Amino acid sequence: MRLFWWGSQDRADRTNKVAKLFEAARPGVSISGEFLGFDSYQAKLATQVAGRNAPDVIQTEYRFLHDFARRGALRPLDDMIGSTLNVSDFAPAALDTGRVDGKLYAVPLGLSALALIYDETAFQKFGIAPPTPATTWEQQSEIGLAITKAANAAGMQGYYGLPDEGGGDYVLEVWVTQRGGLLYTPDGQLGFQEPDLADWFAYWDGLRKSGACVTPDIQALNKQTIESMALTLGKAAVAYAVANQLVGFQAVNKGKLGITTAPSGGPQAKPGQALRPSQFFSIYAGSKNPTLAGDFINFFTHDPDAAAALGVERGPPGSAAVRQALLERLDETSRSMVDYISLVSQRAAPTPPPPPNGSGEVSLLLRRTNEQVGFGRLSPTEAAKSFMREATSVLSRR
C-alpha cells in the first residue's frame, strides 16, 4: 500500500513509525511512504491523479479537498463508517469539514488554526517583548523593526523581525475577515474588495522598506516547508504557520519557540482566525486496496501506540478518547500548542466556506503579485488591481 503526505522530516519520522506499527499488526502488509514540501506535494499529486496512479492513502487539506473530490479523484468513505472506520467520537462539526456535497471524503487528523510562531530566545536576547493576542498590525510592524535594529546593533546583519507574508493567503484571510470580508464567498468568488487588498500590499511594502521584514530575495527561499522558512534559516524571529507546525518548528530550531495569534484588527474588528482541520487522510478513488487503506486510517487515528508516536504534530487528534489519553503525556511544546487552540476557540471566526476550484492557482498568483511589489515592479495599488482582475478570471473558468 502506498502512502503520500506533505510536511517536515519530524512529521515523516512520526508517520513512518506508525506505518511500521501497522505493518507489525498486519503481517504481510507493506507500506511505501513518501513525503514532500507542500508546494512540491501539490504538484506531484496533481500529476499522479491525472496519470491515474496516485497513492492509496493521500493527505488532503481543506483548500483542495473539494476540488479533488468533485473531480472523482477520491473515494467516498460513507460505506466504511461503523465497519472499517470508527468516527463515533469525532466532533460532528469537525467531521463535516471532510464532507463534499453530502458525502464523506476525508477523515480529519487534527484541529489547527493559523498562528504566529516566534523565537522566544531571540526576543529575550534583544530585550523586546514578544507579540500577544492584543498586538495590532501596526504594533507588529513596530516590533519587527525593533528586532531588526537590535540585531543590526548586535552585528547580526541580515536578520529581521518578520517574514514577508504579503503573499500568504491564510494570513490575508485573517486581514479581510477582520474587515468583515471573506477570502472566498460560498459561491466561489473573491470575498473582499480591491481597496482591502491594496492596503494589504501597502502594509507589507512598508515593512520591507523600513526593514521590519525580510528582503524579497530571502523570502524567495521559502518553499512552503518548515526547513525553508526564514525563522528556521536564521533570517527572522517570526514565522506564520498553522499551529500544529509548532512541534515541527521546535524540532529544527535551537531557540525556545513561543506561539500566539496573528495581529488583532483592533477593538472594533471582527475575529479573524478560524479553527479548521490541520489535514485529512483520504483514499484515492483508484486504490486497489481501499479496505486496507481505510483500516490504516482507522489505526492512525485510534491506536494508542500510534497516537503516542504522532503526538500533536498534526494538531490535537479528532477522536475525543485518543485526545484525552494523549494530553497526559505531552511535552511542554505540545501542551503550548494545545493551549493555543483553546485560546483561539474562545473567539474564533466561523469556519470559512471551502475554497473553490482554482483557489490553488489564485494562491500562487497572490505570491507572484506580492513578489512583483517586493521587487518594485508594481505599486500596491497596481498590484491589487492586477490581482483582482486575474483572480476573478481564474475563478470564472472553473
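**Ground rules.** I number residues from 1 along each chain as its sequence is written. Since the model is predicted, local features need pLDDT of at least 70, side-chain atom pairs count only at pLDDT 80 or more, totals for chains, interfaces and linings use all residues, and side-chain values use heavy atoms, with hydrogens and water left out.

**Whole chain.** I looked up the secondary structure and got 16 helices and 12 strands (DSSP runs numbered from the N terminus: helices are H or I, at least four residues; strands are E, at least two). The radius of gyration, taken over C-alpha atoms, is 21 Å, close to the 21 Å from the globule rule for 398 residues, so the chain is as compact as a globular protein of that length. That rule is 2.2 Å times the number of residues to the power 0.38. Along its principal axes the C-alpha trace spans about 60 × 45 × 35 Å.

I find 57% of the 398 residues buried, meaning under 20% relative accessible area with a 1.4 Å probe, protein chains only. For contacts (heavy atoms within 4.5 Å) between residues at least 6 apart in sequence, 76% join residues at least 24 apart.

**The sheet.** I then checked an open sheet of 3 strands, ordered β9-β8-β10 with antiparallel pairing; two strands pair if DSSP finds at least two bridges between them. Its edge strands, β9 (238–242) and β10 (257–260), each pair on one side only. Strand β8 (residues 114–119) is joined to β9 by 5 bridges.

How values were computed
Buried < 20%, exposed > 50% of the residue type's maximum accessible area, 1.4 Å probe, protein only.
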